[in-house]
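Thanks for making the time this morning. I would like to walk you through one model, helix by helix, and I will say as I go what each term means.

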Amino acid sequence: MQSSAWARFYSNSCCLCCHVRTGTIILGVWYLIINSVVLLILLSALTDPDQYHLTSAELGGEFEFMDDANMCIATAISLLMILICAMATYGAYKQHAAWIIPFFCYQIFDFALNTLVAISVLVYPSTIQDYLRQLPTNFPYKEEIMSVNPTCLVVIILIFISIILAFKGYLISCVWNCYRYINGRNNSDVLVYITTNDTAVLLPPYDDPVNGAAKDPPPPYVSA
């Protein structure tokens, strides 16, 4: 009963049109492009620090936007993300389920962080106003945002975060279904049957019914 309940969340299609394997490849390539662009920006900032340096007057505080230590940490994270996204793309393309696990763990971690942000906004709504006061004076639309009713601002932010969490949860389910699909195809003991409504049903091995029927032969024929 429990396995049948989980099977209802298993589908071979994502984004209403493409296969979960194709969707995982597209998602991995998209994250790979984004992190590559971020890495190029960080490397250019390391080679030319004056181009991306912001003074304390521009930031409205007594701190620097990005020092050398933060730049190195951000560069290392970007390299790690490029490796994880490349592994997920290769694993989905070559049908290696184990290569998708690091990208799936990153999605879970990212979803958990966004959930904690939503909980912190819900529990401590005054932190939004404190964060807005710390922004630079020349930040776009700072005065307009601060003039909004605090309760309405909290509701708008929670709705926005909820939409992001729903979208991230859907992407997590797509990657998980791709992992299950590839793992099921690589398992020779399981037959995957695709129904007309794009759901997958795991059937028992073919040899089991045949062997079960062979164990109970019909009774011998006795003439009257």
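This is a predicted model: local features need pLDDT of at least 70, side-chain atom pairs count only at pLDDT 80 or more; totals for chains, interfaces and linings use all residues.

Residues are numbered from 1 along each chain as its sequence is written, and side-chain values use heavy atoms, with hydrogens and water left out.

The span I began with comes from UniProt, where an unreviewed entry lists residues 29-46, 73-93, 100-125 and 145-167 under "transmembrane region"; the positions are given in the numbering used here, feature names are shortened, and such annotations may be inferred rather than shown by experiment. For residues 145-167, the chain is 87% helix and 0% strand, with 25 Å between the end C-alpha atoms.

Let me turn to the packing around helix α8. Helix α5 (residues 101-123) packs with helix α8 (residues 150-186) at an angle of about 160 degrees, the axes being 10 Å apart; axes are lines fitted to C-alpha atoms, for helices over the stretch in contact, and angles run from 0 to 180 degrees between N-to-C directions. That makes α5 roughly antiparallel to α8, where under 35 degrees counts as roughly parallel, over 145 as roughly antiparallel, 65 to 115 as roughly perpendicular and the rest as oblique. The residues of this contact between α5 and α8 divide into 20 nonpolar, four polar and two charged, counting Ala, Val, Leu, Ile, Met, Phe, Trp, Tyr, Cys and Pro as nonpolar, Asp, Glu, Lys and Arg as charged, and the others, Gly among them, as polar.

Leaving aside neighbours within four places in sequence, Gln107 is in contact with Leu27, Leu171, Ile172 and Val175, contact meaning heavy atoms within 4.5 Å.

Next, helix α6 (residues 126-134) and α8 have axes that come within 9 Å and cross at roughly 95 degrees, and they are therefore roughly perpendicular to each other. Here Ile128, Gln129 and Leu132 of α6 meet Pro150, Leu153, Val154 and Ile157 of α8, and by class this contact has six nonpolar, one polar and no charged residues.

Helix α2 (residues 20-47) also packs with α8, at about 125 degrees and with the axes 8 Å apart, which makes α2 oblique to α8. From α2, Val20, Arg21, Thr24 and Leu27 meet a set of α8 residues that includes Leu171, Cys174 and Val175, and the contact holds seven nonpolar, two polar and one charged residue.

Finally, a look at helix α4 (residues 68-94), where Ser78 is found. Ser78 counts as buried because its relative accessibility is 5%, and, not counting residues up to four places away in sequence, Ser78 touches Asn35, Val38, Leu39 and Leu42. In the loop between α4 and α5 sits Gln95, which has a positive phi of about 60 degrees although it is not a glycine.

Key
Helices (H or I, at least four residues) and strands (E, at least two) are DSSP runs, numbered from the N terminus. Buried means under 20% relative accessible area, exposed over 50%, partly exposed in between (1.4 Å probe, protein chains only).
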